[in-house]
Amino acid sequence: MVPKVPQGSQVPHVRVAVVGSGFGGLGAAVRLRREGVTDFVVLERAGGVGGTWRDNSYPGCACDVPSHLYSFSFAPNPDWPRTFSGQGHIRAYLEHVADVFRLRPHIRFNSEVKMMTWDGERLLWVVETSSGTLTADLVVSATGPLSDPKVPDVPGLDRFPGRVFHSAQWDHGYELRGKRVAVVGTGASAIQLVPEVQPLASQLTLFQRTPPWVLPRVDRPISRAERWAHRQLPFTTRLRRGYLWGIRELQVQAFTKRPNQLGLVEQLARRHMARSVKDPVLRAALTPDYRIGCKRILLSNTYYPALGQPNVDVVTSALAEVRGSTLVAADGSTTPDVDAIVFGTGFHVTDMPIADRVVGADGRTLAQAWADTGMRSLRGASVAGFPNWMTVIGPNTGLGNSSMILMIEAQLNYLADYVRQLSVLGGGSSGRVALDARSAAVDDWNDRVQERMRRTVWNTGGCTSWYLDDNGRNTTVWPGTTTEFRAATRQVDLAEYEVLRVPRPQHVGSVGQLQDLGAES
């Protein structure tokens, strides 16, 4: 049921409501301004911008994509301090983008979206937030897939007497020095925080369900001369970005079409492990049994050495139960007297929580619409039955080997044309028109994506990754190059949409009606 918002009430109305102020949300805001749209708000549940780079502040947090590629093409940063930047510098960059492009007047902080409901009579969204209700012609959901931490349901965890927290909700007030710490998970966050926690903890126990493939992190400071050149000669920044992009475009073929070619990369990873891990028993425990690339490839020079330290135990099993301060693994082994449990277990990626807060044209939530099929959309953006609602970083827009910023910018192109089409169809900026993705178009797009997915390393590599939903369907990764995705999202194809309009009111006494009445008399 649509919340009662009487016409003529004081509920504010905007042309566009953007949800989230990470890379996707800030990028959408910049693009809207460039399209001449200034009647928009950015709804942010926290008190500052940055998204995942605001929330993830655990020790060692950094990006595994080179800095000059992990930034907007329209907002180059000549002063990145390292080839792979840390969380602090990336968050500072996003703060800078918000300032330079004058986005702060549009941002409503501490405004968590509680529910978004489509009003089919007025062709607008009723958006209920923790700071009040508003209506919008178009909603752009940029909450991102790495926004809601995922903690496994472990029996007895609620009775653990020590401290428990997720890597994305780091407890900076808790002193880890001298404590017995358990880290659960071996994903991108865990391999960064383990080397930072190991020297502090009296004992560190790592619960490893599946070992990751780890390659050396070729990181270094960017020299003053390089930064001077990037400031004085902006084309050098573009060249650097283009070079980094080109290498990754060439690598995509191995991931998407010829996974067997990844054997050479596996050899590099094995050599990296052999150099870093001298204990053959530990090395065997850390060696994956699936094709490299099936799970996210991780980069670290310090992870393996940390695991070889005397105060570290690697449990090659999942955490199954908590009994007081004793942790029980799935293989039956126990770890007693633990003071703190840190979960590096990732996020709700294939079951995005925002889907429970979006009610479409037929009264169903987005989560209900996806219950049987898994996440699916048209070109990573639009969902049938949810008019004028778009996602940035939507289904099957993730990347396994390159920068998500490239995909975000491609989706911003699609957003820009979407706004143009609404303006043209509506005869201006009134927004009294909506576009609803046709079910057949959504089916066709997803059939093509899944057909291409069949031979990729993510589906054939022999692993179970967070790219796959509960039905084993890959709803996360884009099975092609960023160039292909950019071409597919360059403009909106109106043939893939149903155009919805508000019926024009019939006014008694109009000229047309008088003429009709006269003909009948």
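## A tour of salt bridges, cores and one histidine

Start by selecting R31, E35, D417 and R420: these residues are linked in a network of salt bridges. A salt bridge here is a side-chain nitrogen of Lys or Arg within 4 Å of a carboxyl oxygen of Asp or Glu. By this rule the structure has 29 salt bridges.

Before moving on, note that this is a predicted model, in which local features need pLDDT of at least 70, side-chain atom pairs count only at pLDDT 80 or more, and totals for chains, interfaces and linings use all residues. Residues are numbered from 1 along each chain as its sequence is written, and side-chain values use heavy atoms, with hydrogens and water left out.

Select D219 and R82, whose side chains meet in a salt bridge at 3.0 Å, N to O. This pair links distant parts of the chain, 137 residues apart: D219 sits in the loop between β10 (214-215) and α5 (224-232), and R82 in the loop between α2 (52-55) and α3 (87-100). Helices (H or I, at least four residues) and strands (E, at least two) are DSSP runs, numbered from the N terminus.

Now pick E95 and R104, which form a salt bridge with their closest N and O atoms 2.5 Å apart. E95 is partly exposed at 22% relative accessibility, and R104 is partly exposed at 29%. For these labels, buried means under 20% relative accessible area, exposed over 50%, and partly exposed in between (1.4 Å probe, protein chains only).

Then go to R452 and E484, a salt bridge with the closest N and O atoms 3.2 Å apart. R452 belongs to helix α12 (residues 439-453) and E484 to helix α14 (residues 482-488), so the pair ties together parts that are 32 residues apart in sequence.

**Into the core**

Select F23 and V183: of the 109 residues in the largest nonpolar core, these two touch the most other members. Helix α11 (residues 404-426) gives this core its largest share, twelve residues. A nonpolar core is a set of buried Ala, Val, Leu, Ile, Met, Phe, Trp, Tyr and Cys residues joined through side-chain atoms within 4.5 Å. A second, separate core of 27 residues includes A17, L43, V139 and I354.

**Last stop: H272**

Find H272 in helix α7 (residues 263-276). H272 counts as buried because its relative accessibility is 5%. A polar atom of its side chain lies 2.9 Å from the backbone oxygen of S300. Leaving aside residues up to four places away in sequence, H272 touches V214, L215, P216, S300, N301 and Y304, where contact means heavy atoms within 4.5 Å.

Key
Polar contact = N/O pair within 3.5 Å; in protein donor to acceptor, adjacent residues only side chain to side chain.
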